[in-house]
Amino acid sequence: MAEFRRVQVATLIRRLSEPPDWLVAIFGPRQTGKTTVARQALAAIGRPCRYEAVDEPVSLVAPGPVTVGADHTVSSSARRDTGWLAEVWERSRHDAWTSQRGFILVLDEIQKIDGWSDAVKGLWDADRASGCPLHVVVLGSAPLLMQAGLSESLAGRFEPLHLTHWSYPEMSEAFGFDLAQYVFFGGYPGAAPLVHDADRWVAYVRDALVAPNIERDVLAMTRVDKPALLRRLFDLGSMYSGQELSFNKMLGQLQDAGNTTTLARYLDLLSQAGLVTGLSKHTGRPVSAKASTPKLNVLNTALMAVSSGYTYAEARSDRSFWGRMVESSVGAHLVNTASPSTAVKYWRHGNHEVDFVLHRGPSVVGIEVKSGDRMAGRSGLTEFERRFRPRSTFVVGEPGVPLHEFLSVPADHWFGAP
């Protein structure tokens with residue numbers, strides 16, 4: 001079987017085949033394949049390169065450069081600071097000037113270096129002034145820190161390559177998932193080989209994915225005064241995915257909860273880490289939207305499955321719970337695939353509701369989900385149409401758009417749908 005490649009591999013190959021006018025920044029949640037994308041692109045290009053894993057334990061790497069293939073090297077150092085970064089960059093510059101095919105420097109987990117963005121800015125600007133033919137790719141698993149460093153110090157100097165959780169077509173092609181398996185087990189490729197052993201799968205998701213994501217990518221990289229509260233908020237978001245839950249109600253279920261402002265910030269941190277998000281209510285008044293009750297949604301349904309305690313068979317037999325899982329898979333897909341200019345929201349007024357609303361510029365799309373014991377009607381969509389005159393509205397699930405079809409196209413596709 002041929003090695004599976006995400007579409008971002010081809011994108012990276014194209015960018016590394018062009019002049020190095022911008023550095024490439026690959027970022028996204030943990031376990032979405034950032035390192036694999038970089039390595040697959042490097043192997044396909046076959047040009048000389050240096051790959052540096054900033055978080056590699058020094059004790060596990062022999063001192064000095066280590067050849068891992070023709071023109072491919074990795075190196076180690078006891079110092080993982082900006083001085084070390086400058087040394088690695090200078091060696092790569094030399095290699096770029098002396099190679100007829102240029103040179104590629106890849107820095108994985110770059111956010112682990114304090115002050116990395118300012119250091120990269122100075123080094124990159126010097127290369128542009130000298131015309132050095134060095135391509136640079138930076139990778140990071142802490143989205144908040146990566147995006148802050150990129151936008152604050154490297155604005156105009158990079159092209160982003162954002163990886164999100166794996167989609168249904170990707171998990172289907174790579175691991176043979178059917179639609180129901182994807183709804184329950186979600187889009188974690190590392191956990192896919194364990195789905196037939198429930199205990200091992202749950203332990204892997206909980207201990208190898210969720211715990212490092214929270215500990216290393218949120219708590220270790222961002223100031224969080226109440227880490228226990230953030231962890232409990234994640235648990236709450238996973239359990240209540242697909243439901244509206246006001247911050248005041250959250251306070252009632254959390255110990256040492258602080259205030260609603262703290263909860264809102266922590267929910268944003270969890271969203272940036274690719275774990276749980278809170279969708280705001282669609283309204284004609286933006287100020288009101290910020291103060292609205294959030295609708296919680298996991299960004300990978302594996303998180304909801306693990307928190308439920310259900311086995312795959314038990315989840316499928318509980319029509320109410322399965323309905324929430326399907327709805328959560330729709331919400332996760334929309335958030336993960338929406339362009340930066342598209343907002344994913346929900347709408348409710350009295351007894352009328354619309355599960356998801358896509359909002360981009362003047363265009364609005366309403367989406368209702370039919371699944372499990374939820375029989376989606378048109379009354380909510382009809383009232384939504386009367387109030388907002390959307391570009392379109394539709395139902396996901398029979399007799400509307402089939403779920404497998406919906407999960408196979410990005411969110412912005414629906415702005416062009418009739």
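Mentor: Start with the angle classes: under 35 degrees counts as roughly parallel, over 145 as roughly antiparallel, 65 to 115 as roughly perpendicular, and the rest as oblique. Axes are lines fitted to C-alpha atoms, for helices over the stretch in contact, and angles run from 0 to 180 degrees between N-to-C directions. Helices (H or I, at least four residues) and strands (E, at least two) are DSSP runs numbered from the N terminus. This is a predicted model, in which local features need pLDDT of at least 70 and side-chain atom pairs count only at pLDDT 80 or more, while totals for chains, interfaces and linings use all residues. Residues are numbered from 1 along each chain as its sequence is written, and side-chain values use heavy atoms, with hydrogens and water left out.

Trainee: At what angle do the axes of H9 and H13 cross?

Mentor: Two packed helices are described by the angle between their axes and the distance between the axes. The H9 and H13 axes cross at roughly 95° and come within 8 Å, and therefore H9 and H13 are roughly perpendicular to each other. In contact (heavy atoms within 4.5 Å), Phe234, Ser238 and Met239 of H9 meet Leu303, Met304 and Ser307 of H13.

Trainee: Which residues of H13 are buried?

Mentor: Buried means under 20% relative accessible area, exposed over 50%, and partly exposed in between (1.4 Å probe, protein chains only). In H13 the buried residues are Thr301, Ala302, Leu303, Met304, Ala305 and Val306. Helix H13 (residues 301-308) has six of its eight residues buried, so it is largely enclosed by the rest of the structure. Those buried residues pack against helices H7, H8, H9 and H15 and strand E9. Glycine 309 follows H13 and has a positive phi, near 80°.

Trainee: How far apart are the axes of H3 and H4?

Mentor: The axes of H3 (residues 82-98) and H4 (residues 116-130) are 10 Å apart, at an angle of about 20°. H3 and H4 are therefore roughly parallel to each other. Among the contact residues are Trp89 and Trp97 of H3 and Leu123 and Trp124 of H4.

Trainee: Where is the pLDDT below 50?

Mentor: pLDDT is the predictor's confidence in each residue, from 0 to 100. The chain averages 88, and 87% of the residues score at least 70. Over residues 58-77 the pLDDT is below 50. Where pLDDT is low, the predicted coordinates should not be read in detail.
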